[in-house]
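Work through these exercises with the model open beside you. Try each task before you read its solution.

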Amino acid sequence: MGHDHHGHDHTHGANKKALMISFCLITVFMILEVVGGLITKSLALLADAGHMLSDSISLFAALLAFLLGERAANYAKTYGYKRFEILAAIFNGVTLIAISIFIFYEAFQRFFNPSEVASTGMLIIATIGLVVNILVAWILMRSGDTSENLNIRAAFLHVLGDLLGSVGAIVAALFIMSFGWGWADPLASIIVATLVLISGWRVSKDAIHVLMEGTPANVNINDVIKTIKHVKGVKGIHDLHVWSITSGQHALSCHIIVDGNLTVEKSQTLLRRIEHDLEDKGINHVTIQVETEKHPHKNALMCQTGYAMEGHHHAHSH
C-alpha cells in the first residue's frame, strides 16, 4: 500500500551493520576455539565451537537474507526476496539440532572413555570466548532488532547459548584444575548441547509458522475483526487472512460488506480509515474487497473451512 517507513529502513541498516560486525568477531573466534579444542582435547570447547560455527552460519545467512531482501520485487517474485530470511532461519534451526545430536553422542562416548584435558589452555580459550560472546550479544542488543526480526533473534539466541557454553567450559576447566574431575568436560558439553537443541527447535518452529502463513504471534485476530467492524459503515467481514511476509512485515486480506448506498468517495474514506487503524496494529500491507449486502462474494475459503465470523451471512449458500 506504499507505507514504507523510514523507521523500517533505519532498523534494516542497523540490523545489517550489527550482523556484519558480529559475523566477523564470531567467525574469527570460532576458528581459534576449534584449534584450541583440538589442542587441549576439550569436548566442551569443541561443543562451544560447534555452536559458534552454527552462529557464524546463521549470521552469514542473516546477512545474505538482508542483502537479497533488498533486491526489488519483480513479476516473478512479487514480494521480492524477503522470504529468504525465513528459509535462512529454518536452515539455521536444523543446523543447530544436528550439531546438538552430534555433541550428545560424543559426550556419552567421553563419559566411558575420558580424555586427558589440558585444563589451563581450556580455561584461557573459554574466557576469551565469554568476552567475545558478551561483546556480540551487546552489539546485537544495542543495534539489532531482537524482538521483531526472526533472523536477528535467531542470531541473538545463538550468541546467548554460546555465552552459557563459554561459562560451562570455564566451570568445567576450573573443576578439572581443582579436583581432577575429567567428567566435568563432557558434562559441560551436554549442557551446551541441550541449550543448542532448545534454541534450534524454537527458531525452526517460528520459521515454519511463517512459511505455513500462520497468524503472526503479535497479532490478535479478534482484535483485528473488532478494529475493522468499529469503522462506521462496515456491516460484516469474512474471508479474513493475516500472515507474515517476513519478520515484522504483516499482511492482511479480507472482504467487507458495506451498505449498498455508500458512494465511491465514502467507501474510499472508509477503506483509508481501516488501513490507518490496522497500521497501528502492526499490519502494513492491507488488501480489502468491498461488497454490498445484495452481492456478497460466494465460495469463500474461510466459510468452507468452518471459520465462523459474525457478518458471515452467506455461510449456508454452499
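Predicted model: local features only at pLDDT ≥ 70, side-chain atom pairs only at ≥ 80, totals over all residues.

**Exercise 1. Pair two strands.** In which sense do strand 2 and strand 3 pair, and over how many bridges?

*Solution.* 
- Step 1: Find strand 2 at residues 249–258 and strand 3 at residues 283–292.
- Step 2: The two strands pair in the parallel sense, over 9 bridges.
- Step 3: Pick one position. Ala 251 is opposite His 285 of strand 3.
- Step 4: From strand 2 the chain passes through helix 8 (residues 264–279) and on to strand 3. This β-α-β crossover is right-handed.

**Exercise 2. Find the cores.** Which residues have the most contacts inside the largest nonpolar core?

*Solution.* 
- Step 1: The largest nonpolar core holds 36 residues.
- Step 2: Leu 19, Met 122 and Leu 140 have the most contacts inside this core.
- Step 3: List the elements that give two or more residues to this core. They are helix 1, helix 2, helix 4 (119–143), helix 5 (150–179) and helix 6 (184–211).
- Step 4: Now look for a second core. A separate one has 21 residues, including Ile 228, Leu 252, Cys 254 and Ile 256.

**Exercise 3. Classify aromatic pairs.** How many aromatic pairs does a search of the whole structure find? Classify the pair of Phe 23 and Phe 60, then that of Phe 179 and Trp 181.

*Solution.* 
- Step 1: The search finds 6 aromatic pairs.
- Step 2: Take Phe 23 and Phe 60. Their ring centres are 5.7 Å apart and their planes meet at 35 degrees, so the pair is tilted. Planes under 30 degrees apart would count as stacked, and over 60 as edge-to-face.
- Step 3: Locate both residues. Phe 23 is in helix 1 (residues 6–40) and Phe 60 is in helix 2 (residues 43–69), 37 residues apart. The pair links distant parts of the chain.
- Step 4: Phe 60 has 44% relative accessibility, so Phe 60 counts as partly exposed.
- Step 5: Take Phe 179 and Trp 181. Their centres are 4.6 Å apart, with 25 degrees between the planes, and the pair is stacked.
- Step 6: Trp 181 counts as partly exposed because its relative accessibility is 32%.
- Step 7: Widen the view. Phe 175, Phe 179, Trp 181 and Trp 183 form one aromatic cluster.

**Exercise 4. Judge two residues.** Are Ala 49 and Thr 40 buried or exposed?

*Solution.* 
- Step 1: Recall the cut-off. Buried means under 20% relative accessible area.
- Step 2: Ala 49 lies in helix 2. Its relative accessibility is 2%, so Ala 49 is buried.
- Step 3: Find its neighbours. Beyond four places in sequence, Ala 49 touches Met 30, Glu 33 and Val 34.
- Step 4: Thr 40 lies in helix 1. Its relative accessibility is 5%, so Thr 40 is buried.
- Step 5: Beyond four places in sequence, Thr 40 touches several residues, among them Leu 45, Glu 116 and Met 122.

Technical notes:
Residues numbered from 1 in each chain as written. Heavy atoms only, no water. Phe/Tyr/Trp six-rings, centres within 6.5 Å; stacked < 30°, edge-to-face > 60°. Helix = DSSP H or I, 4+ residues; strand = E, 2+ residues; numbered from the N terminus. Buried < 20%, exposed > 50% of the residue type's maximum accessible area, 1.4 Å probe, protein only. Pairing = 2+ DSSP bridges. Right-handed = clockwise from strand over helix to strand, strands pointing away. Core = buried A, V, L, I, M, F, W, Y, C linked by side-chain atoms within 4.5 Å. Contact = heavy atoms within 4.5 Å.
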